[in-house]
Amino acid sequence: MSDNRQMNGQPRPNSILDQLELPPARKDKQRLARLRAAWKESWEEGGFLYQRWEEVFQARHGGWHEVANWIKAAALFGGISLIVMMLDAAGDVASTTLKGLSAVPASSGGDGSGLWGTVDHPIRVFLADQAAHLAVAPAALYAFWQLTGLLGLVGGFFGNAGARIAWLLFGIGSLAMIWSTAPAGGRAAATGLAALMWALASIFALRGLTLRPIVHNHPPQYQFNPALHLHATIPAPTPAGDDFGPDNVHPLQR
């Protein structure tokens with residue numbers, strides 16, 4: 001005898017499996033019930049998720065050596081991934097910026113008149129002469145020089161050490177370019193004027209910088225209290241019955 005039910009397109013004979021087979025809806029309910037039970041059990045004290053959460057909570061107050069290994073691995077992986085993403089983004093930004101600077105049309109060098117022209121014109125001439133031997137436009141070099149000075153000034157004002165180093169190199173390089181390009185008769189005056197302008201701008205770029213050594217007086221973690229200890233040995237008292245012993249016999253005085 002066979003029924004009309006099919007299995008894989010073929011008639012299936014009656015068996016005990018027909019009696020134990022459950023409807024699909026009931027199977028799904030049992031599966032969800034088991035998942036809920038496992039999830040609830042894992043959050044109970046001693047469960048897997050409960051222990052992981054305790055390790056995360058303890059990591060907030062403990063040192064690096066006390067943190068669980070899986071937290072260390074996750075932190076290292078996340079940090080490395082973030083650094084790679086930042087380096088990739090920084091490379092794209094730098095490449096786009098350099099391409100934009102290279103596409104800047106050449107600007108007029110000016111006639112070098114005025115205070116700013118006395119300082120700016122030699123730098124333009126120097127960069128134009130150097131750009132003739134490089135695969136970059138003179139305007140791109142000049143724009144990059146201006147961008148470096150601006151970033152060094154702004155970053156130095158907010159106390160960034162790298163920006164202050166860039167500002168110092170920017171000033172030294174500018175003085176060297178002016179000295180090498182300015183006319184021989186006014187070379188000293190042009191360089192001195194540029195040094196004064198750079199010094200005035202350094203008031204903002206090097207704000208708060210001091211050459212005095214900073215001394216940090218921290219209280220000692222352990223307080224040392226010297227003390228002198230004297231150990232004296234006190235003789236034991238003589239028993240009461242030994243008052244008339246041989247040692248206490250004295251000759252009679254007449």
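## Around Arg164

Setting aside residues up to four places away in sequence, Arg164 is in contact (heavy atoms within 4.5 Å) with Gly156, Gly159, Ala205, Leu206, Arg207 and Leu209. The model is predicted, so local features need pLDDT of at least 70 and side-chain atom pairs count only at pLDDT 80 or more, while totals for chains, interfaces and linings use all residues. Residues are numbered from 1 along each chain as its sequence is written, and side-chain values use heavy atoms, with hydrogens and water left out.

Arg164 belongs to helix 7 and is buried, because its relative accessible area is 14%, where buried means under 20%, exposed over 50% and partly exposed in between, with a 1.4 Å probe and protein chains only. Ala205, one of the residues that Arg164 touches, lies 41 residues away along the chain, yet the C-alpha atoms of the two are separated by 6.8 Å. A polar atom in the side chain of Arg164 also lies 3.3 Å from the backbone oxygen of Ala205.

## The chain as a whole

The chain contains eight helices and two strands, taken as DSSP runs (H or I of at least four residues for helices, E of at least two for strands) and numbered from the N terminus. Of the 254 residues in the chain, 17% are buried.

## The largest pocket

The largest pocket has a volume of about 320 Å³, a volume being the space filled by probe spheres on grid points joined across faces, edges and corners. On a 1 Å grid over the protein atoms alone, a pocket is an open set of points where a 1.4 Å probe fits, with protein on both sides within 12 Å along at least five of seven lines, and lining residues have an atom within 4 Å of a point. This pocket is lined by 18 residues, and those nearest its centre are Trp116, Trp145, Trp167, Phe170 and Trp198.

Two or more lining residues come from each of helix 5 (114-131), helix 6 (138-157), helix 7 (161-181) and helix 8 (187-205), and helix 7 supplies the largest share, with six residues. By class the lining holds 14 nonpolar residues, four polar ones and no charged ones, where Asp, Glu, Lys and Arg are charged, Ala, Val, Leu, Ile, Met, Phe, Trp, Tyr, Cys and Pro are nonpolar, and the others, Gly among them, are polar.

Asp120 is placed in helix 5 and counts as buried because its relative accessibility is 6%. The side chains of Asp120 and Arg124 are joined by a polar contact of 2.6 Å, that is, a pair of N or O atoms within 3.5 Å, one able to donate a hydrogen and the other to accept it, with sequence neighbours counted only if both are side-chain atoms. Beyond four places in sequence, Asp120 touches Tyr142 and Trp145.

Ser174, in helix 7, is likewise in contact with Trp145, together with Ile123, once neighbours within four places in sequence are left aside. With a relative accessibility of 8%, Ser174 counts as buried, and a polar atom of its side chain lies 2.7 Å from the backbone oxygen of Phe170.

## Aromatic rings

The whole structure holds five aromatic pairs, in which rings of Phe, Tyr and Trp (its six-membered ring) have centres within 6.5 Å, with planes under 30 degrees apart called stacked, over 60 edge-to-face and the rest tilted. The rings of Trp39 and Trp43 form an edge-to-face pair, because their centres are 5.9 Å apart and their planes stand at 65°. Elsewhere, ring pairs link Tyr142, Trp145, Trp167 and Phe170 into a cluster.

Trp39 is exposed at 53% relative accessibility, whereas Trp43 is partly exposed at 38%. Trp43 sits in the loop between helix 2 (24-42) and helix 3 (48-59), and, not counting residues up to four places away in sequence, touches Leu49, Tyr50 and Trp53. The C-alpha atoms of Trp43 and Trp53, ten residues apart along the chain, are separated by 9.0 Å.

## Leu141

Leu141 lies in helix 6 and is partly exposed, at 22% relative accessibility. Leaving aside neighbours within four places, Leu141 is in contact with Leu127, Ala131, Leu134 and Val136, and its C-alpha atom is 8.2 Å from that of Ala128, 13 residues away along the chain.
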